[in-house]
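I set out to record, in order, what I looked up in this structure.

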Amino acid sequence: MGTNNDQLVVLGAGWLGQPLCLQQQEKGRGVQGTHRSSEHQHAFQRQLVFADNKLTHQVDLHNAWWVCSIPPRSRHADSHYLETLTLAIELANAMQAKGFLLCSSTAVYDQDNAIYTEQSVVKATTARQQPLIAAEQLILDAGGKVLRLGGLIGPNREPGRFVAGKELRGSSRQTVNMVQQQDVINAIITVLDNWQLAAPIYNVVNPAHPSKADYYQQKCQQYGTQAPTFMSDKIAERIIDGSAIEQLGFNYQFDI
């Protein structure tokens, strides 16, 4: 990978998708990353908008890998996420895409205390789970693959800042399931590199699972901010196991 003939289309070139585009462009790959605006800051940017039950787009890379990093719960995607994804799959097929990879979320799993792996049964018991499960099924039915991402941290998403002084829902003893931005980017490329060997679904979650109280206290200390408080102190060990992807040669390299 990494040649000009090995191209990449990234749907949703935002907090996660834009650095993915920039890094792959630096490696010599032909890249197009979409956003809603018709004004482009980077040469790789292309407009893609769902309106009037169709996609208006500027994507024109054929025989490329496709990665969807559109956040399912973003303000732009809430009402038309599944429609956008359905038409994007059709567009990718028309452009002879090599494969389609969806960035999903570990929110697809139940909230019950348990250790969750890719083989865990997923049930649409909440409104948040339903679009995630439907989106994953769209991709899997089309022959694509899915990455279920843990809580995302990295540039401009530092836990010591965004939870400072807040009262958080849930328990102080609840375990965290986080992953750093660059590890996610590396995981995406690992799956594309090993497409034929890769399983249909992987969790991407750092193997460290401290309690929320310990984790956020440490992060707030780093930034000199006030630690959050919690509504409960009951034991809540919900752990997402992200080790399966390591069978492809991937390693988690960044602390959460």
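My entries follow by topic.

**Basis.** I worked from a predicted model, in which local features need pLDDT of at least 70 and side-chain atom pairs count only at pLDDT 80 or more, while totals for chains, interfaces and linings use all residues. Residues are numbered from 1 along each chain as its sequence is written, and side-chain values use heavy atoms, with hydrogens and water left out.

**Sheet.** I took helices (H or I, at least four residues) and strands (E, at least two) as DSSP runs numbered from the N terminus, and counted two strands as paired if DSSP finds at least two bridges between them. I found an open sheet of 8 strands with mixed pairing, in the order β4-β3-β2-β1-β5-β6-β8-β12. Strands β4 (54-57) and β12 (201-204) each have a single partner strand, so one side of each lacks a neighbour in the sheet. The twist averages 20 degrees from one strand to the next; axes are lines fitted to C-alpha atoms, for helices over the stretch in contact, and angles run from 0 to 180 degrees between N-to-C directions.

**Strand β3.** I looked up the partners of β3 (residues 45-51). It pairs with β2 (residues 31-35) in the parallel sense over 3 bridges, where H35 stands opposite Q47. With β4 it pairs in the antiparallel sense over 4 bridges, and F50 stands opposite L55. The β3-β4 hairpin has 2 residues between its strands, and D52 in the turn has a positive phi of about 55 degrees. Of the 7 residues of β3, 5 are buried (under 20% relative accessible area with a 1.4 Å probe, protein chains only; exposed is over 50%, partly exposed in between).

**Helices.** I then examined helix α3 (residues 129-141), which lies across β6, β8 and β12 at about 165 degrees to β6. Which helix packs with α1 (residues 17-26)? Helix α5 does, at an angle of about 60 degrees with the axes 10 Å apart. P19, L20, Q23 and Q24 of α1 make the contact, with residues of α5 including I185 and I188 (heavy atoms within 4.5 Å).

**Cysteines.** I found 0 disulfides (pairs of cysteine sulfur atoms within 2.5 Å). The cysteine sulfur nearest to that of C103 belongs to C68, 7.3 Å away. C103 is buried, with a relative accessible area of 5%; for C220, also buried, the value is 1%.
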